[in-house]
Amino acid sequence: MNVAAVVVSHGNAAELDVLVPALGPQVDELVVVANVPGSVGLVPEDVRVIANARPIGFGANVNLGVHATSSELVCCVNPDAMPRPGAVAALRDFLANHPRAGIAGPLMLYADGTVQPSRRRFPTVAGTLLRRTPLRRLADPYRVQRRHFHLGERPTEPVEADWLLGGFLMLRRSMLEELGGFDEGFFLYGEDIDLCYRAARAGWERWYVPAAVVEHEHQAVTDRRLLTRRTIWHWRGILRFVRKHPETLIGSRTRR
C-alpha cells in the first residue's frame with residue numbers, strides 16, 4: 001500500500017527543514033501546503049508545494065493535500081511531529097492487515113522522551129469545562145481526568161481508541177472519501193475529534209499503534225493561556241462539535 005503525507009505549514013519553514021528529510025524517505029508522496037508566505041524554504045524536487053492565495057483552516061488545508069495525492073493511505077503530519085525510522089511503515093502495515101481500521105496513530109513522545117497522551121476518550125461536557133475554563137487552575141485535568149487521557153496505561157500492542165491527537169495520523173483514503181474528508185467548518189482545533197467521531201459512527205475503527213514512534217513538540221498553547229486567538233478558535237471548534245453531535249451532551253456513546 002502506498003502512503004502519501006500532507007504537511008500543513010503556517011510559517012513553519014524552519015521545522016520543515018528538519019521534518020522533510022526524516023519524513024520524505026518513509027512515504028511515496030509528500031505534499032506541503034503553505035498557508036501563509038514564508039511557510040516553506042528549500043525542499044527536494046519531488047516534494048509538491050501548494051501555496052494558498054489566502055490562509056484557510058487546518059482541515060481545509062489537509063483536504064487540499066489529500067486531493068493532490070493518489071496513495072491509498074495518507075499521513076496528516078504537523079511540522080513539529082518527527083517520525084522515527086520505521087514509524088510510517090508500522091502504521092501502514094497495521095492498516096494493511098486491518099481493513100476496517102480507518103485511522104491509526106503512533107506513540108507520541110515529548111522532546112524529553114516522556115509519553116504524550118495522544119490517545120483519548122471522546123470529550124464530555126463536564127470534562128471540557130474543566131479543561132477549557134479557569135477551573136483547570138483549581139483542579140489539574142491530568143490529575144483528575146486520568147481516564148480521559150488514558151494516563152497510567154502504557155500499551156505495547158495496538159489498542160482501539162476513541163480519538164487520536166491530530167499531530168500525526170495515518171488515514172485510509174476510502175474512509176476519507178466516504179466521510180467527505182475533514183470538516184472545513186473547523187478552522188483550527190476539534191477537526192481531529194470530529195473526524196474520529198464520524199468515523200466511529202460509520203463503523204470505522206481508530207487504533208493506537210505504539211510500534212510507530214513520533215516525537216512531537218506539541219506546544220499546547222491553549223492549555224497555558226485562557227484567552228488568546230487560539231483559545232477562541234478552540235471554543236468555536238467545541239461549539240461546532242456540539243452543534244453537529246448534540247447527542248454527546250447527554251453522554252451517548254458511539255459504537256467502537
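The legends below describe close-up views of side-chain contacts in a predicted model.

View 1. The side chain of Gln 116 makes a polar contact of 2.9 Å with the side chain of His 216. The C-alpha atom of Gln 116 is also separated by 9.9 Å from that of Val 214, a residue 98 positions away along the chain.

**View 2. The aromatic pair of Phe 94 and Trp 207.** Four aromatic pairs are found in a search of the whole structure. One of them joins Phe 94 and Trp 207 in a tilted arrangement, with 5.1 Å from centre to centre and 55° between the planes. This pair links distant parts of the chain, since Phe 94 sits in helix H3 (residues 87-97) and Trp 207 in strand E12 (residues 205-216), 113 residues apart. Both Phe 94 and Trp 207 are buried.

**View 3. The aromatic pair of Tyr 197 and Phe 241.** The ring centres of Tyr 197 and Phe 241 are 5.5 Å apart and their planes stand at 75°, so the pair is classed as edge-to-face. Because Tyr 197 lies in helix H8 (residues 191-201) and Phe 241 in helix H10 (residues 229-244), the pair ties together parts that are 44 residues apart in sequence. Tyr 197 is buried at a relative accessible area of 2%, and Phe 241 is buried at 7%. Together with Phe 122, these two residues form one aromatic cluster.

**View 4. Arginine side chains over aromatic rings.** Arg 100 lies over the face of Trp 204, at 3.8 Å from the ring centre, while Arg 240 lies over the face of Phe 186, at 5.6 Å from the ring centre.

**View 5. The salt bridge of Arg 84 and Glu 215.** Among the eight salt bridges of the structure is that between Arg 84 and Glu 215, whose closest N and O atoms are 3.0 Å apart. Arg 84 is placed in the loop between strand E5 (81-83) and H3, and Glu 215 in strand E12, 131 residues apart. Arg 84 is partly exposed, with a relative accessible area of 36%, and Glu 215 is likewise partly exposed, at 32%.

**View 6. The salt bridge of Asp 183 and Lys 244 and its network.** The closest N and O atoms of Asp 183 and Lys 244 are 2.8 Å apart. Asp 183 counts as buried at 13% relative accessibility, whereas Lys 244 is partly exposed at 31%. Asp 183 and Lys 244 are linked with Asp 194, Arg 198 and Arg 240 in a network of salt bridges.

Methods. Residues numbered from 1 in each chain as written. Predicted model: local features only at pLDDT ≥ 70, side-chain atom pairs only at ≥ 80, totals over all residues. Heavy atoms only, no water. Polar contact = N/O pair within 3.5 Å; in protein donor to acceptor, adjacent residues only side chain to side chain. Phe/Tyr/Trp six-rings, centres within 6.5 Å; stacked < 30°, edge-to-face > 60°. Helix = DSSP H or I, 4+ residues; strand = E, 2+ residues; numbered from the N terminus. Buried < 20%, exposed > 50% of the residue type's maximum accessible area, 1.4 Å probe, protein only. Lys NZ or Arg CZ within 6 Å of the ring centre and 35° of its normal. Salt bridge = Lys/Arg side-chain N within 4 Å of Asp/Glu carboxyl O.
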